[in-house]
Amino acid sequence: MTTLVTGGAGFIGSHLVDYVLAETADDVIVFDDFSTGRSGNLDHLDDDRVQVREGDVRDAESVRAAVEDATVVYHLAAAVGVQNVVENPLSSLRTNLAGTENVLDAAAETGTPTFVASSSEVYGKSPDVPFSEDDDRVIGPTSTTRWGYATAKAADEFLALAYHEEVDLPVVVGRFFNIVGPRQSGRYGMVIPTFVEQALAGDPLTVYGDGTQTRSFTHVEDAVRAVYELTNTTSAHGDVFNVGEPEPTSINDLARRVVDLTGSDAEITHVPFEEVYGPDFEEPDRREPDVTKLRETIGWAPEADLDRILRDVIEARSEREVRIDA
Ligand code: NAD
């Protein structure tokens, strides 16, 4: 048996690779273009079951070759990060639309079970929290770049469901809500790695907006367990699932907890969203998942709370510094 993880050199993908290696006897193919992923995320693996293929999901031929060699596919490769998507709209859209179509097309030829990574962004700016999978979506105008990511991910979901409906592809979609943990990069505006780096450097923690907006944060280990179970549960196929911790935390509170746990004396400052992302930027106030469906289908509940997440991120960050210094 061979597991294919597109985006396997990325943050969630590399943890999924760890999980599959630990839980199964499968070989693993990592397919990644290393745009936001890093080979360092796989350096700890000393396992001849892992094969890394550098490739682009926009290239249908190399995707098909990788999918042909697999018995299960986890499609996590995507252009991610609000900043990345806003700065590179064209390549982001092409990766997130054509890339997913290529993966599903190839999987449909062989009937290979496939997981497709979607996002809480598909709910847009809907005020009706917590979000259930069948809730209406409220998406802003096409002139606001960030909604291109939400729309591409929603199109991916439509495609996945259509492949299930029309050609019986065993496919499942997971909508991730702020998955966090070690190896997540702060380069593209992700809040926890950014705050931790700022606190450890003694720099001010930059909270965007007034900081009263809330998010729910899920440990990546809890998320990959859900992804694996969903993909390997036949009754989940042809369906969409929220994957995330339901408990919300305000960004102000998050910043305070990072300062406490790092023992830093860094200040917390506030920066208007427009200053960072431009005048048309829109940021939803709250984003909380209803995970009833996930719990009922695979018995999932998160094991790690926010303090454990932050401790793991801080520890991993400090270990990395020790390795760099050595
Ligand atoms: P990440 O950037 O660490 O992972 C994405 C991976 O895809 C990277 O390794 C990158 O190099 C690779 N990639 C990008 N474009 C590619 C291309 N054209 N061809 C091949 N590989 C390519 O981000 P992540 O947080 O691990 O995200 C994984 C998936 O989860 C993505 O589909 C993302 O949209 C989704 N997601 C993540 C979150 C989160 O909270 N982290 C939230 C919602 C959705």
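This is a predicted model: local features need pLDDT of at least 70, side-chain atom pairs count only at pLDDT 80 or more; totals for chains, interfaces and linings use all residues.

Colleague: Ligand, then. How many residues surround the ligand, and which are the closest?

Modeller: The ligand is surrounded by 28 residues. The closest are Phe11, Asp32, Thr36, Tyr149 and Ile179.

Colleague: What sits 2.7 Å from a ligand oxygen?

Modeller: That is a polar backbone atom of phenylalanine 11. Serine 35 also has a backbone N or O atom 3.1 Å from an oxygen atom of the ligand.

Colleague: And which side chain has an N or O atom 3.4 Å from a nitrogen of the ligand?

Modeller: Threonine 95.

Colleague: Switching to helices. At what angle do helix 4 and helix 5 pack?

Modeller: About 10°, with the axes 9 Å apart. Angles under 35 degrees count as roughly parallel, so helix 4 and helix 5 are roughly parallel to each other. Helix 4 passes helix 5 in a right-handed crossing.

Colleague: Which residues make that contact between helix 4 and helix 5?

Modeller: From helix 4, it's Leu93, Asn96, Leu97, Thr100, Glu101, Leu104, Asp105 and Ala108. Helix 5 brings Gly148, Tyr149, Ala152, Ala155, Asp156, Leu159, Ala160, Tyr163 and Val167. By class, the contact of helix 4 with helix 5 has 11 nonpolar, 3 polar and 3 charged residues. Tyr149 is also among the residues closest to the ligand.

Colleague: How do helix 2 and helix 4 pack?

Modeller: Helix 2 covers residues 60–68, and helix 4 covers residues 89–110. Their angle is about 40°, with axes 9 Å apart. Helix 2 and helix 4 are therefore oblique to each other. Their crossing is right-handed.

Colleague: Which residues do helix 2 and helix 4 use there?

Modeller: Helix 2 uses Ala60, Val63, Arg64 and Val67. Helix 4 uses Asn102, Val103, Asp105, Ala106, Ala107, Glu109 and Thr110. The contact of helix 2 with helix 4 divides into 6 nonpolar, 2 polar and 3 charged residues. Asp105 is in this contact, and Asp105 is in the contact with helix 5 too.

Colleague: Next pair. What about helix 6 against helix 8?

Modeller: Helix 6 (residues 191–201) and helix 8 (residues 251–262) pack at about 40°, with axes 9 Å apart. That makes helix 6 oblique to helix 8. Helix 6 passes helix 8 in a right-handed crossing.

Colleague: Which residues meet between helix 6 and helix 8?

Modeller: Val191, Ile192, Phe195, Val196, Ala199 and Leu200 in helix 6. Across from them are Ile251, Leu254, Ala255, Val258 and Thr262 in helix 8. The contact of helix 6 with helix 8 counts 10 nonpolar, 1 polar and no charged residues.

Colleague: Now the backbone. Is the peptide bond from valine 129 to proline 130 cis or trans?

Modeller: The bond is cis, with omega near -5°. Proline 130 is in the loop between strand 5 and helix 5.

Colleague: Phenylalanine 34: positive or negative phi?

Modeller: Positive, about 60°, although phenylalanine 34 is not a glycine. Phenylalanine 34 is in the loop between strand 2 and strand 3.

Colleague: Why flag those?

Modeller: Because most residues other than glycine have a negative phi, and most peptide bonds are trans.

Conventions:
Residues are numbered from 1 along each chain as its sequence is written. Side-chain values use heavy atoms; hydrogens and water are left out. Axes are lines fitted to C-alpha atoms, for helices over the stretch in contact, and angles run from 0 to 180 degrees between N-to-C directions. Helices (H or I, at least four residues) and strands (E, at least two) are DSSP runs, numbered from the N terminus. Angles under 35 degrees count as roughly parallel, over 145 as roughly antiparallel, 65 to 115 as roughly perpendicular and the rest as oblique. A crossing is left-handed if the near helix is turned anticlockwise from the far one by less than a right angle, and right-handed if clockwise. Contact means heavy atoms within 4.5 Å. Ala, Val, Leu, Ile, Met, Phe, Trp, Tyr, Cys and Pro count as nonpolar, Asp, Glu, Lys and Arg as charged, and the others, Gly among them, as polar. A residue is near a molecule or strand if one of its heavy atoms lies within 4 Å of it. A polar contact is a pair of N or O atoms within 3.5 Å; within protein, one must be able to donate a hydrogen and the other to accept it, and residues adjacent in sequence count only if both atoms are side-chain atoms.
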